[in-house]
Amino acid sequence: MRLERLAANKIKIFLTSDDLFERGLSNEEIWKDSGKWNQLFHDLLEEASVEFDVDIRGSVAVEIFSLHAQGLIMIITVDDVKEDEEILADGFIEMQVRVGGFEDLLYEFEEFEDIINLSKRLASLNIFGGSLYRMNNQYFLLLDKEAGSREITAPLLAEFGNASIQSPYILAEYGNRILEKNAIETIMHYFK
C-alpha cells in the first residue's frame, strides 16, 4: 500500500492486488456492498489519518480507480466540516463514491536493463506492443489490453518492475515518450 498527500484535504491510496488479498478481499468483492469493504475503508482512513496527521471525520468524497490486475487507487477528499455538527460526535462518515477504471497495464522500472530483460521474456511468449515513457527518473511501460493475457503478463511485469499509480494520461502529457508503440519489438530489435 502506498499513501500520497495530494493537497491539504486530499489523499491518494494505492492498493495492489496483493494488498487486497492480504486484507481478505478479492478485486470482485471490492465492488460489492459488504462488511469487508466497509472495514477496509475505515482501516485505510485510519492509516491515512495517522500517516498525514489529518482528522478524517464528517463527509468525504471517494474516487476509486480500478487498475484490474494491478489493484486500485482511491482518492479521498475530506470536506470542510463545521465543529458543531452532530455527525462528528457520532463518528459517522458519509461517502460519495465515483468509480473509474483503466484496462491497460502500467508498470514502472528503475533501470532500463529491467525493461530489456522483461522484453525478452514477453517476446518469448509472443507478447508484443506497448509504449515506453520516462518521467521523474523512472521508466514506464504501458501495455494495452490486447498485449496478452493479464494472468501471464501482469506477474511478469511485477517480476521486473512495480505497478504504477501514475495515470497514463499524466504520462502522455508530462512524460517523455521514448517509444509510442511496439515498444517490446523495438527493444528486442536493438537489444538482442
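**Ground rules.** I worked from a predicted model, in which local features need pLDDT of at least 70, side-chain atom pairs count only at pLDDT 80 or more, and totals for chains, interfaces and linings use all residues. Residues are numbered from 1 along each chain as its sequence is written, and side-chain values use heavy atoms, with hydrogens and water left out.

**Overview.** I looked up the secondary structure and found eight helices and ten strands. Helices (H or I, at least four residues) and strands (E, at least two) are DSSP runs, numbered from the N terminus. I then checked burial, where buried means under 20% relative accessible area, exposed over 50% and partly exposed in between (1.4 Å probe, protein chains only). Of the 192 residues, 42% count as buried. For contacts I used heavy atoms within 4.5 Å. Among contacts with a separation of 6 or more, 73% come from residues 24 or more positions apart.

I looked at strand S1 (residues 2-7) and strand S2 (residues 10-16), which pair in the antiparallel sense over five bridges. Two strands count as paired if DSSP finds at least two bridges between them. S1 and S2 make a hairpin with two residues between them. Leu-3 stands opposite Ile-13 in S2.

**Five-stranded sheet.** I traced an open sheet in the order S9-S6-S8-S7-S10, with antiparallel pairing. Strand S9 (162-163) and strand S10 (176-179) are at the edges with a single partner strand each, so one side of each has no neighbour in the sheet. S6 (residues 105-109) is joined to S8 (residues 138-143) by five bridges, and Tyr-107 stands opposite Leu-141 in S8.

I went on to S7, which is joined to S8 by five bridges; Ser-131 stands opposite Leu-142 in S8. The hairpin of S7 and S8 has two residues between the strands, and Asn-136 there takes a positive phi near 50 degrees. On S10, three bridges join it to S7, and Arg-134 stands opposite Asn-176 in S10. Four of the five residues of S7 are buried, so S7 is largely enclosed by the rest of the structure.

**Helix H5.** I found H5 (residues 112-124) lying across S6, S7 (131-135) and S8, at about 25 degrees to S8. Axes are lines fitted to C-alpha atoms, for helices over the stretch in contact, and angles run from 0 to 180 degrees between N-to-C directions. The axes of H5 and helix H8 (residues 183-190) come within 9 Å and cross at roughly 105 degrees. That makes H5 roughly perpendicular to H8, a label for angles of 65 to 115 degrees. I noted Phe-112, Ile-115 and Lys-120 among the H5 residues in this contact, which meet Ile-184, Ile-187 and Met-188 in H8.

**Cores.** I took a nonpolar core as a set of buried Ala, Val, Leu, Ile, Met, Phe, Trp, Tyr and Cys residues joined through side-chain atoms within 4.5 Å. The largest has 26 residues, and those touching the most other members are Tyr-107, Phe-109, Leu-118, Leu-122, Leu-132, Leu-141 and Leu-157. Elements giving two or more residues to this core include strand S4 (71-78) and helix H6 (150-160). H5 gives the most, with five residues. Not counting residues up to four places away in sequence, Leu-157 touches Leu-105, Tyr-107, Phe-109, Leu-118, Leu-141 and Leu-143. A second, separate core of 20 residues includes Trp-37, Leu-40, Leu-45 and Ile-76.

Technical notes. Parallel < 35°, antiparallel > 145°, perpendicular 65-115°, else oblique.
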